[in-house]
Amino acid sequence: MNAGDSAKFQALGHTQILVHGPGYPIIQFLGALLRALDLPVEPWLAMTFTMAALPGALANMIAFLIVERVTRSPLFGIAGALLLGSASLMAVQSTEAEVYPLALAFILSTSFLLILFVESKRKAYFIAACAIYAMSFGNHLMMIMLVPLFLLVTLAHWRSLLHPRIIASVLLAIVLGASQYLYLAYITYDPATAYSEYLPLPPTVTEFLQYITGSYFSGLYGSGLQSTYSSETLLTTLRSAHPWISSPLIIAGLVLFLAGWRRRDAGWRGLAIMLGVTLSFVPFVIWYGAYDIQAFHLPVLGPLLVGATAAVGRWLGRWRLMQLGTALLLIAFGAWRATVMAEGLTARQPIFTELPETIAALVAQAPVEEPLVSMTYNLRMATLYHELLGEMPSARYRVPWRAEEAAVEQDEVAGIVVPTDGEQLLRWIEHRHPELTCRSWALDQPEGTPWPAYAFRCASTADAGSEAGTGDGGE
């Protein structure tokens, strides 16, 4: 089981909730499907497998098809799929309950259909690419970055594409893609929705529109341009995808693509699509200042690895034995790297084990009934998963920035802080409410609990002296 945002996605396996914006209607639909199936496995496992592992496998399959199509070599196709699947970021994301493997599956599927269209000029491939692209907006709105590429492809083939039937088909695909947010609106106004982190229930139309555009993350918009940190972390992701081989492979692929400018055949145009997809997402990664979320790099890393591998294989196609030998070497490396990543992923330990029992031991020592429990975001979301199943003791669980206001909503200002920031919370209460004096004391916890926990109580200054000797512990 995960923590943080991923734990919220996992909770969809057993309870209908609203996650953070832009809302992810496709993920909501997958959660509803799993709840209807009621599979005999843990909901967090079913959700992770459905929204991450399966799309990751699909992305690897499409990577094989792209590389095989460009190089005309099934062995190089296998190498491309192995190099993508064993890349460190791809392997980790495909085993976490996150939206990025599905985003990559949409990206590569759209790219493959565009490659088929550019190669064959069959309009059905272009319409299919538009349909898949329109559906991808129900997973993540970062897909808007591919619009310029679609416009370029349309301009390059405008004589065959600007026909009423094709335009009508594309518009229909757009309408169907946008309709996913009607399903999200239904969830938003459904009384069965048990939790919403950001959006008040029921919301106004304006609040709903702000939710699906993620406007409350607007502080991150453009902030990545204030330093070189975003570009530096992107380069680190690309270099660390495969030790010793990622950088040389990517550089070689780009050089060979540029070297093939004069012989712009179908294979070269396929490479142009892949590298165009890569460049489409680079501005978003650098512009959006979510420095701590490397998963944003997957839409850049995936197409770039696939395109670079295909470029190398295509260039070696004139020397069949060399192409064969290189493909076998890359397959061997990819298989070894996949084994290493699998061993590392298998060795992971749960972040929060026996969480309901651990929290119950703390709530039992709380100074009041229904205590406020302030906890870090990662822990709070893991707690939410169990809380929605009815497995947590009764308390008011809050993240720190919401615990501050919640602390003074009750007549008795008291509760628990897990695992840190206790002093900050108490100082904030005393600063905003000078009539209160707060004190805290450590709580007993089960052996092996990896984080500290404190109880706190705040009383009026007049009463603080009389409570000092109650024996609750040191400050």
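A crossing of helices is left-handed if the near helix is turned anticlockwise from the far one by less than a right angle, and right-handed if clockwise. I note that this is a predicted model, in which local features need pLDDT of at least 70 and side-chain atom pairs count only at pLDDT 80 or more, while totals for chains, interfaces and linings use all residues. Residues are numbered from 1 along each chain as its sequence is written, and side-chain values use heavy atoms, with hydrogens and water left out.

Entry one, a helix pair. I looked up H14 (residues 246-259) and H16 (residues 298-315), whose axes come within 8 Å and cross at roughly 60°; helices are DSSP runs (H or I, at least four residues) numbered from the N terminus, and axes are lines fitted to C-alpha atoms over the stretch in contact, with angles from 0 to 180 degrees between N-to-C directions. H14 passes H16 in a left-handed crossing. On the H14 side, the contact (heavy atoms within 4.5 Å) is made by Leu249, Ile250, Ala252, Gly253, Leu254 and Leu256, and on the H16 side by Leu304, Leu305, Ala308, Thr309, Ala311, Val312 and Trp315.

I found about 530 Å³ of space in the second largest pocket, a pocket being, on a 1 Å grid over the protein atoms alone, an open set of points where a 1.4 Å probe fits, with protein on both sides within 12 Å along at least five of seven lines, and lining residues having an atom within 4 Å of a point. Of its 21 lining residues, Cys130, Tyr133, Val147, Val170 and Ile174 are the closest to its centre. H7 (123-136), H8 (147-156) and H10 (164-178) each supply at least two residues of this lining, and H10 gives the most, with six.

Key. Grid points are joined across faces, edges and corners, and a volume is the space filled by probe spheres set on the points.
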